Amino acid sequence: MSAAAALWGLLAAPVAADDGPVIGGDCAGTSRWVTVCREEPGSSGGTQQQGSSDRPGRESAGKPRPQTCAVERLDPQPPAGDPVWDGHEPGDGAIYTRVCLGDALAGAGGAQVVPQVFWAAEAPQVDVDPEQLARAAVDKMLLTGPDIASPRASGRYVVGMPMWLWVTQSPTTYGPNSASASLAGVTVTATAKVSSISWDMGDSSAPVICDGPGSVYTSAVGKAPSPDCGHTYAKASATQHKGGRFQGEATATWTVDWQVTAGPGETGTFTEVRQSPFTVDVREVQVLN
C-alpha cells in the first residue's frame, strides 16, 4: 500500500464529490472542506490570555479562534487503482494533502504530524489568515508574566513608606521579542513588547498602572516615592490576610505588531496579557520607649 493510501486510511473521511475544498472563508458555511472553521480553544485565564485586535471581526480574549490550514497537490500523484482515489481515476481531479497550522507547530515541537490526504475535482482555494500566523509566531516567543524585582518575596516593608515597583527586562518577560511563522507561501513576522503593567497590590486599593518597567530604587533617594511606578501601603498585611502577606499580581499587556514579509502586504496589531503573582510582607513600625 502506498504512503498516500496509508494516510488516507488513517485520516480521511468520505466526502461528497461536489464538496468544494476551500481553505478559509466564512465559518458559517456548510462545506465540509472549510477547514479554517476547525476551532481551537482560546485561553480564558491563568497566566496567559489572548487579547484584542485592531482588525474588525476578530476574536477577543478567551474566545476560540479558527485554525488556518494549507493544502498542496500531492506530487507525484498515486498510481491508478490506488485506494486513495476513492473510486476516481488519475486525470479526474487530483489528490491533495492538508496540514493545519496547529498540527505543523506541534510537529516542530517533536510531535508527529500526519497530513490529511483527499481527492478533489479542482485545486483548492487558499486563504491564509495572517493574524493567525502572527499569533503562531507569538506562541514561539514563550512570553511570560513580569519578572518582578520589587517587591521582593523575602523583603519586609513598612506601612506608610513608599514602595518602588520595578521589573527585570528580558525578551520573554518584557521584550522586544520577534518571531516568524509561515504557511502556504505566506510568512508573517511579529514583534511583541510590554506596553504597560497593572499592579494589583492585594490591599483592595485601585491597581497601579505603569507604562514602563519602573525605576530601580537606590539608597540615595531615601524615602522619596518612585517617579513612575510605586505604591504606599496604608495597613499591615498581618491583620488582613492569612499567612501575614498581601497576595498581589502584576499583569503585563503585550502589544504585538505584525507584518506580512512574504505574500500579500498586510500589517496589524493585537494585544495579549501575561500575569505574575507576588506576595508582600508589610508591617507596622515598632516604636520603643
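A charge is taken to sit over a ring if NZ of Lys or CZ of Arg is within 6 Å of the ring centre and within 35 degrees of the ring normal. In the predicted model described here, the charged end of Arg135 meets this criterion over the ring of Phe270, 3.9 Å from its centre. Because the model is predicted, local features need pLDDT of at least 70 and side-chain atom pairs count only at pLDDT 80 or more, whereas totals for chains, interfaces and linings use all residues. Residues are numbered from 1 along each chain as its sequence is written, and side-chain values use heavy atoms, with hydrogens and water left out.

Rings of Phe, Tyr and Trp (its six-membered ring) were paired if their centres lie within 6.5 Å, with planes under 30 degrees apart counted as stacked, over 60 as edge-to-face and the rest as tilted; by this rule there are 4 aromatic pairs. One of them is formed by Tyr96 and Phe118, whose ring centres are 6.0 Å apart and whose planes stand at 25°, so the pair is stacked. Tyr96 belongs to strand β7 (residues 94-100) and Phe118 to strand β8 (residues 116-120), so that the pair links distant parts of the chain, 22 residues apart; strands (E, at least two residues) and helices (H or I, at least four) are DSSP runs numbered from the N terminus. Both Tyr96 and Phe118 are buried, where buried means under 20% relative accessible area, exposed over 50%, and partly exposed in between (1.4 Å probe, protein chains only).

In the pair of Trp164 and Tyr217, the ring centres are 5.3 Å apart and the planes at 80°, so the arrangement is edge-to-face. Trp164 lies in strand β12 (residues 163-164) and Tyr217 in the loop between β16 (208-210) and β17 (230-231), so the pair ties together parts that are 53 residues apart in sequence. Trp164 counts as buried at 8% relative accessibility, while Tyr217, at 35%, counts as partly exposed.

Asp211, in the loop between β16 and β17, is exposed, with a relative accessible area of 65%. The C-alpha atoms of Asp211 and Ser196 are separated by 4.4 Å, although these residues are 15 residues apart along the chain.
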